[in-house]
Amino acid sequence: MGSIRRQLLGFVLGSFVCAAAFLGLAGPAAAHDAAESSSPAQGASVAVVPEQVSVTFSNNPLGIGSSFSVKDASGVEWADGAVEIVDNEARQKLKAGAPAGQYTVAWRVVSSDSHPIEGTFSFTAAAAAGGAAPAASTAAATVPAIGTAQPGKTAAPEPTGSGEPFQWSIVIFAAAAVGLLATLAILARRRLTAGSDDER
């Protein structure tokens with residue numbers, strides 16, 4: 001009797017560890033998207049203020065919850081209109097008449113796995129907006145340190161009221177684990193009962 005109980009207990013514990021490991025591996029499998037480059041590049045000096053700024057990601061971000069803030073050295077906002085998502089690139093147009101000087105861009109998008117990611121970069125323009133910038137000045141360049149994605153950090157709700165999509169995968173995995181453990185407990189109980197009857 002004691003041997004049967006020990007075997008069943010070991011089986012149940014082993015199954016629980018496997019279920020926990022399965023749930024733990026589900027997180028890394030859904031890695032968050034990352035920013036790969038920006039235009040202008042981080043710390044770049046451009047001839048004139050560009051008509052738009054953009055960030056390129058490792059995957060296509062969702063078309064909801066995206067926002068860009070483009071401010072000059074005095075804190076004036078120059079972002080104009082909504083963010084445009086084209087494939088894996090998020091673009092933000094700037095208002096006309098932006099002055100020369102340093103600009104700080106703060107971006108936020110919802111990655112393809114429905115988690116918000118955000119970052120910042122800056123650039124300096126030698127002249128005010130109005131003239132066409134040289135092609136090389138606005139070309140996207142790889143920026144390893146453009147800004148670390150922060151999946152755990154969520155910003156204030158968007159004015160449009162769109163919220164972050166619910167993570168159903170976590171609920172499904174948890175329900176599967178609970179169901180597995182419940183089934184194992186029932187089987188263990190039946191085996192203990194059968195073992196008791198046999199010993200009689």
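Modeller: Two strands pair if DSSP finds at least two bridges between them. In this predicted model, strand E7 (residues 101–110) and strand E8 (residues 116–127) run antiparallel and are joined by ten bridges. Within that pairing, threonine 104 stands opposite serine 122 in E8.

Colleague: In what order do the strands of the sheet lie?

Modeller: The order is E2-E8-E7-E4, an open sheet of four strands with mixed pairing. Strand E2 (44–48) and strand E4 (67–72) are the edge strands, each pairing on one side only. On average, neighbouring strands of this sheet are turned by 30° against each other, direction ignored.

Colleague: Is alanine 106 buried, partly exposed or exposed?

Modeller: Buried means under 20% relative accessible area and exposed over 50%, with partly exposed in between. Alanine 106, found in strand E7, counts as partly exposed because its relative accessibility is 32%.

Colleague: Which residues is alanine 106 in contact with, leaving aside its neighbours within four places in sequence?

Modeller: Those residues are Ser67, Phe68, Ser69, Gly119 and Thr120. As for C-alpha distances, alanine 106 and glutamate 118 are 7.5 Å apart in space and twelve residues apart in sequence.

Colleague: What does the side chain of serine 38 reach?

Modeller: Serine 38 lies in strand E1 (residues 35–39), and its side chain reaches the backbone oxygen of proline 40 at 2.7 Å. Serine 38 counts as buried because its relative accessibility is 0%.

Notes:
Residues numbered from 1 in each chain as written. Predicted model: local features only at pLDDT ≥ 70, side-chain atom pairs only at ≥ 80, totals over all residues. Heavy atoms only, no water. Helix = DSSP H or I, 4+ residues; strand = E, 2+ residues; numbered from the N terminus. Axes fitted to C-alpha atoms, helices over the stretch in contact; angles between N-to-C directions. Buried < 20%, exposed > 50% of the residue type's maximum accessible area, 1.4 Å probe, protein only. Polar contact = N/O pair within 3.5 Å; in protein donor to acceptor, adjacent residues only side chain to side chain. Contact = heavy atoms within 4.5 Å.
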